[in-house]
Structures are given as C-alpha cells and as structure tokens.
Amino acid sequence: MEHLTTPVLVVGGGPVGLSTAMFLGRHGVPTLLVEKRDATSLLPRAPGLQARTMELFRAAGVHEEVRALEMGDSHPYFEGGIIRTSTFARIDEAVTLEAPSLDGPRISPERVMGCGQDRYEKVLVAKAREAGCDVRFATRLTSLEQDADGVTAVVRDRDGTRHTVRALYAVGADGAGSFVRRTLGVERHGRGTVFNALSIYFRAPALEAVLKGRKFILCYATAARGTLMSLSRLHGCDPWLATPLYFPDRGETPEDFTDERCVDIIRTAAGVDDLDVEIAWKVPWQGAQLVAERFRTGRVFLAGDAAHVHPPAGGFGANTGIHDAHNLAWKLAATLHGWAGPALLDTYDAERRLVGEAMAEQAMIRNRIRHGYADDATRAAMVDDIIITLGYRYHSTAVPGSPGAGPVLSPDLDLTGAPGTRAPHLWLDHDGRRISTVDLFWDRYVLLTGAHGRPWADAARQAAERLGVPLTVHTVADDGTLRPAGDRPWTEAFGVTDSGAVLVRPDAFVAWRTPGLPDDADTADDPAGALSDALARAAGHTALVGGTR
C-alpha cells in the first residue's frame, strides 16, 4: 500500500473541491484532491458565476481563463430575469417573477457570467495542477480518521489499489451525500426535501425561433402536463436545460420519464406539437434545504453542498460553495505558513455557517415565489440577489471591528467599508496601472490610510512585525502609493476621513476601521494599541497588550 503525505487532503472534485485545491495551491499550499468520478463534469450544471465568484478567480489570477469560456455575451440573459408563461410559444405574454440586481460598475470590477461547470471545471483542474496540487480522478475515499496531529485517510484508485494518506487537514467538498460529513457524524437541520426534479438536457434548434430572441435566466411554463417546467440556457450553448418536477407521493419515479415522455413534456411546454427534440441526458435530483450543525470538526472541514444544500433558486449553490472554499483556503494557508493564530480556523465555521443558513433560507423564499405558494410575509423577507452575493456580513473574532451580532443579510446593499463587509470597489492608479481596490487583497492584510494617516501606517507596520503577520500599507492620496482614479473619494466610499484607516483581510473583507486620528494624537503611540489589537485578533491571535503578545 502506497503512503502519501500532503498538507491538505480535499475530497470532491466538483467546483467547490477544485476551487479549494486551486486557491490553496495559489497560496503556496500543495494539496491532494481525490474525486470518485472518472473526470470533470460532462454536464453544463451550475452555469451562473456571480460577480463575487469572478472577483475570487480574479484575485487568484485565473479569471481571464474562466472569462474566456463565455460564449458571446451572457449578461443579457441575466438581465432578462425570471419569467413565467403558459407556453414558450406565448413568450410575449410572459410575466416577470424576479428581476434581480446582480452586479454593477460601481459595485464590482467583475460581472456575472454564464458558463457550465463542464467547461470551467477543466480550467480549475489545470490551474490547481499548475500550482502544484495532485488531482486524482477515479479515486474514492474509503475511510477517514483524525488525531491531535493530523488526519489519516485510505483512498482506492480505479484499479483497486489502496493508498494511505496522511494530511494535516482535510476538506470534505464531496456533495450533498458527503461521505466525509457522515463519517464525522455531523447532523443537518432544515426542511429536508421540498421537491423532486429531473434535469433534461435536450437539443431543439427550432426553439430559438419560438422564443423570439427573448433572453432570461429561467422561463417557467405552466402548460407542461402535470408539472411546472423551467427552461434555461445560461451556459451559452446547446443543449437546452428543462427541469420538470415529479411527485413520488403520486407514485412517480425518474424511470417513468422515458425519452418519449420527456419529448412530450417539452413540446407541451413549448406549445409546438411537432417540435423536433433530441434528449441528450436525464438526471434526477432533489431540491432540499439542509445545513450542517457545524462546518469544522477538529482538523476536518465541510464546504459546499457537504455543508449546506438548498433549492437552486437564485443560483447560490456552487457560488456559495466557492466562497466557502476561498474563506477556508486563505485561513488554512495562513495557519500552515505559520503566521495565523489558532483561533483563525475556528472563524471559518463562525462566518460561513451563518452565511450558509441565510443563503438556504433565501433560496427557499425564491422557490416558494416561483412555485406560486408564497404569502406576503415570505415576499417581504426576500432580499435582492446582489446583497446575497456581494453584501453578506461576517461576524467573528477575525472581524474585531464588527459592531457585534446582527443580520448576515441587510435589507439594502451596504458596501460602505463597515467591518465584516466586503471592501468597497474603487478604481485606483497604482504605479501607472488602473486597478480596483479588490485587486489589493490576496495573501496579506492591507491597511489603507489617507494623506494624514501616517501614525496609523507606522503603528500597523510595528504590529505586523511583532506578530509576524504579512501586511502592506497603502496611502490613498494624490501623492500616495495609490492615487484615486475614479469619481468617488476613497474616504467617502470607506466611511473615513483623510486621517482615518481601514484594515482589510486577505479575502477583501474589512476587519477594522477608524474614521480618523484622536484629537490629542500627537504621536504614533496613540493609535498603536487599537490597531495592534485589531490586527492580532484579525489574524487569530490574542490581543497585543502593551505592545507584546
């Protein structure tokens, strides 16, 4: 039996597992990833990549490769929203169910795009391997144990050869039926299965003309026999995706949906009896809402569907999982590189579990609205997509400047530099290059201060040196290291004065800020205590007291 060693073992080779390995690799942490499938996905699932997801790929230096996969301009499809009609042939009579805000040039340097995971998974594999990760398909995890010093796993490859893996940490990104989660004995809570559906991938060239060029995220047809059927082609190429529901309580099973029946459902929904339809694939699945009771058990973490599942309404599944992956990857890297304190890894559960619960609830709200059984209270509880994807807020010990417990999702988008939120996007000039503030954050903390904030800069450098924490200081001013290049003053965007300071984490989330220097601050000694404490806690250390730890 071959013995393998790795800093991190990732189980699961879908978008979440591959993103975890790729992010870790780009942080200088080689990883072993095992996936039971023979290769990357053949199906164009999870086709909507949110602006925040593209920001993370941008920070990792892989967004250009992913963006190149977009076929044409998919943005108009997202602008078309969620619509409903009786048949696709009566598309002119469609009513709009949802018109979500998804991005904007004042909010993000990136924008949402359509691309199926059958294409972008290949990029993630290539980039993970390029960064030194060992990605093994047709390799199944058979056992997992942990002790005080690490994790021991046994995996079996395609020819039956067994390998013992010794890792410092493990990540279960192995889907809704997660073997890792079940091995850990982690329970889930939530509503459970709320519907059963069948994804039908099909080709129907004449459907383009039937739809009269109308673009949409999803179009629901109510005329499909015995079910409500949605239609999508966000991935930007053939095949189309139809998703009829089926009802086990009526005795229905996926096997009942023969190719002939699927063609009949599609023709009925289209309102065209002789529509030429070719069925490519049929995949049954369940729409469920379940969230794991914890995302960390010792040295093992859960991410993506292994940690939280919810109906696909809103397209939050793969995107939320990729955000899990990024949050965890930089914290694991910081720990393995030796500059994070032990409390930092605990904040993964504290931050991402609340987000997972909020995402799951918002997906359920959208599911009720789209299926026609939402009441006024449910509709009032829905928040806009852009808040869910870019405006969520973290509360944990790694956000020492956060005002405390509060909602993860606010009613309005509030990217104003508040601790716990993603740093506002602004265009800046850096050494003659036009960059976004989002481009400043990846593998270190960043302190932003204004023209009169030198005491904060000096205090930050001293605290970082004592802690051994990587930190870069930037002065945002006409003569600073960063020069404003847009129409919004950075002080206005971040809620400070030109003597204020903002401490931002490697994941672009604000950890702490102060609007300006105290009135009696004549030396750098005045701001040193507060800033030192903030940086220490943001990196998972106990606070610096009197300048020492």
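Helix axes are taken here as lines fitted to C-alpha atoms over the stretch in contact, with angles running from 0 to 180 degrees between N-to-C directions. Helices (H or I, at least four residues) and strands (E, at least two) are DSSP runs numbered from the N terminus. The model is predicted, and local features need pLDDT of at least 70, side-chain atom pairs count only at pLDDT 80 or more, and totals for chains, interfaces and linings use all residues. Residues are numbered from 1 along each chain as its sequence is written, and side-chain values use heavy atoms, with hydrogens and water left out.

We may start with the helices. Helix H1 (residues 15–26) packs against helix H9 (residues 316–336) at an angle of about 30°, the two axes lying 8 Å apart. H1 and H9 are therefore roughly parallel to each other, a label given to angles under 35 degrees. The crossing of H1 past H9 is right-handed, that is, the near helix is turned clockwise from the far one by less than a right angle. On the H1 side, the contact (heavy atoms within 4.5 Å) is made by Pro-15, Val-16, Ser-19, Thr-20, Phe-23 and Leu-24. H9 contributes Ala-318, Gly-321, Ile-322, Ala-325, His-326, Ala-329, Leu-332 and Ala-333. Ten of these contact residues are nonpolar, four are polar and none is charged; Ala, Val, Leu, Ile, Met, Phe, Trp, Tyr, Cys and Pro count as nonpolar, Asp, Glu, Lys and Arg as charged, and the others, Gly among them, as polar.

Turning to the sheets, two strands pair if DSSP finds at least two bridges between them. Within it, S21 and strand S24 (residues 501–504) pair in the antiparallel sense over four bridges, and Leu-448 stands opposite Val-502 in S24.

Thr-449 is found in strand S21 (residues 445–449). At 1% relative accessibility, Thr-449 counts as buried (under 20% relative accessible area, with a 1.4 Å probe and protein chains only). Leaving aside residues up to four places away in sequence, Thr-449 touches Trp-456, Ala-457, His-474, Thr-475, Val-476, Trp-490, Gly-500 and Ala-501.

Another open sheet, of three strands, runs in the order S20-S19-S23 with antiparallel pairing. Strand S19 (residues 427–430) pairs with S23 over two bridges, and Asp-429 has Arg-483 as its bridge partner in S23.

Definitions and conventions:
Buried < 20%, exposed > 50% of the residue type's maximum accessible area, 1.4 Å probe, protein only. Parallel < 35°, antiparallel > 145°, perpendicular 65-115°, else oblique.
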